[in-house]
Amino acid sequence: MSCLNCCKTAEVESPSYREALAESAKRRMSRGYITFKSLAAAVSLKTGSSKHRQINEQIKKYGEVKNDIKVFTYNQIAEATENFNSDNLLGEGGFGSVYKGYICDQHVAMKQLNRQGAQGTREFYAEVLMLSLVKHPNLVQLVGYCTEDEHRVLVYEYMAKGSLENHLLDLGEGKKPLDWHTRMKIAEGAARGLEYLHSSADPPVIYRDFKSSNILLDEDFNAKLSDFGLAKIAPNGQGTITSRVMGTFGYCAPEYASGGQLTTKSDVYSFGVVFLEIITGRRVIDTTRDIEEQNLIEWAQPLLKDKKQFSLIADPLLNGQFPAKGLFQALAVAAMCLQEDPEKRPDMDDVVTALAILSATKTDEKDGAGEAVKTGGHVESFRAAESFNKEEQRG
Ligand SMILES: Nc1ncnc2c1ncn2[C@@H]1O[C@H](COP(=O)(O)OP(=O)(O)OP(=O)(O)O)[C@@H](O)[C@H]1O
Ligand SMILES: [Mg+2]
């Protein structure tokens with residue numbers, strides 16, 4: 001099927017009009033943050049092509065449209081998934097079922113909203129909006145969407161290896177566990193996705209739902225963040241949003257979970273949680289374990305204070321195959337991200353610098369990570385790791 005015949009592409013308005021809209025959005029952002037309620041409200045009453053025009057107009061108010069997002073009919077979606085054949089079911093989430101499909105000469109994943117109500121609709125439009133405004137190799141790409149009648153379907157690029165959760169925490173029988181190097185590579189990719197959202201995206205974005213099931217993996221285990229339904233446009237500078245607590249229990253930063261205080265540092269905390277899951281192979285909340293081991297952060301805290309216990313933290317499925325200093329540095333990065341005080345947590349660009357060094361170290365270079373850190377002593381992010389080291393030696 002020819003792509004040109006089957007898909008409509010979002011229309012583009014004149015640059016001057018777009019600039020004026022972007023300026024007005026920036027002015028509103030400087031007074032606070034923008035919610036997606038206006039977008040959802042504006043489009044939910046419209047039908048057909050006027051709805052798509054309305055979506056595009058709303059999107060352009062927030063910034064430059066970076067992706068060529070297509071509009072599909074429900075017939076095209078049904079055909080691409082062989083009528084939502086159960087053989088094509090990739091997984092189920094809170095939003096709905098995800099099916100593998102083939103459309104416009106590419107494999108895709110199609111997510112069908114099966115929830116009623118305003119929250120589902122808001123998340124649907126938020127996802128379309130966000131994924132129109134951002135573009136980065138570590139963010140999953142939205143190919144298109146369908147809003148025909150009551151149907152709401154999002155169409156993404158297909159990620160052949162599924163989610164990090166599938167490979168780390170829900171490892172099926174006979175499935176090979178991830179090796180150390182691949183774990184560090186995935187952590188680095190996911191960190192780069194967050195770094196882009198916080199520092200390079202225009203407008204900047206707080207992701208708000210960083211967890212292992214939202215990190216998808218391509219054929220070569222490159223990581224891409226998915227699910228932007230809860231994401232928020234960050235206020236200018238280092239501002240804080242007071243927001244209704246959404247996210248997923250266990251991954252939320254303490255100041256956000258208890259007081260709804262949301263900043264880019266809330267994402268940094270969630271990154272720390274996932275990174276600890278990557279190192280330990282343990283789920284952040286696991287009610288199948290003994291009571292004192294059910295909460296990963298509480299379980300790890302005392303172990304993180306004693307270097308002799310470090311090897312107990314590493315995932316047993318690694319079989320001891322990791323560089324000792326690499327493990328130490330990885331735990332230092334996780335500990336920095338998990339600090340109670342959001343101000344003390346590093347920025348994601350520091351985390352990326354640290355992880356680039358860790359992922360460049362091969363498992364058989366026993367103490368390679370330590371060497372890399374020494375030679376890169378100027379690297380800002382490792383200053384905190386070094387002080388963590390000294391603290392730990394004193395204790
Ligand atoms: N683009 C994609 N390519 C391949 N598989 C995907 C893709 N998107 C989602 N999946 C699969 O579908 C599953 C369900 O994804 P979904 O995002 O709906 O739910 P979830 O992340 O498990 O939970 P939540 O609703 O809390 O986000 C994923 O775990 C993954 O295995
Ligand atoms: Mg998800």
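Guide: Ligand 1 is surrounded by 21 residues, and the closest are Gly91, Gly93, Gly94, Ala109 and Met159; a residue counts as near a molecule or strand if its C-beta atom, placed from the backbone, lies within 6 Å of it. Two or more residues of this shell come from each of strand 3 (89-92) and strand 5 (106-113). Strand 3 gives the largest share, three residues. Helices (H or I, at least four residues) and strands (E, at least two) are DSSP runs, numbered from the N terminus.

The model is predicted: local features need pLDDT of at least 70, side-chain atom pairs count only at pLDDT 80 or more, and totals for chains, interfaces and linings use all residues. Residues are numbered from 1 along each chain as its sequence is written, while chains are lettered from A and ligands numbered from 1 in the order in which they are written.

By class, the shell around ligand 1 holds nine nonpolar, nine polar and three charged residues. Here Ala, Val, Leu, Ile, Met, Phe, Trp, Tyr, Cys and Pro count as nonpolar, Asp, Glu, Lys and Arg as charged, and the others, Gly among them, as polar. Domain 1 (1-158) and domain 2 (162-394) both contribute to the shell, so ligand 1 lies between them; the domain bounds come from an automatic or database domain assignment.

The strands of the shell can now be followed through their pairing. Two strands pair if DSSP finds at least two bridges between them. Strand 3 runs antiparallel to strand 4 (residues 96-103), with three bridges joining the two, and Leu89 stands opposite Tyr99 in strand 4. Three residues separate strand 3 from strand 4 in a hairpin. Strand 4 in turn pairs with strand 5 in the antiparallel sense over eight bridges; there, Tyr99 stands opposite Met110 of strand 5.

Cys104 lies in the loop between strand 4 and strand 5. Its phi is near 50°, a positive value in a residue other than glycine. With 19 C-beta neighbours inside 10 Å, Cys104 counts as partly exposed. A residue is buried if 20 or more other C-beta atoms lie within 10 Å of its own, exposed if 12 or fewer, and partly exposed in between, with C-beta atoms placed from the backbone.

Asn83 is exposed, with 10 other C-beta atoms within 10 Å.

Strand 2 (residues 70-71) and strand 6 pair in the parallel sense over two bridges, and the partner of Lys70 in strand 6 is Gly144. Five of the five residues of strand 6 (residues 142-146) are buried, so strand 6 is largely enclosed by the rest of the structure. Strand 6 also pairs with strand 7 (residues 153-157), in the antiparallel sense and over four bridges; Cys146 has Val153 in strand 7 as its bridge partner. Strand 6 and strand 7 form a hairpin with six residues between them, and Asp149 in the turn has a positive phi of about 45°.
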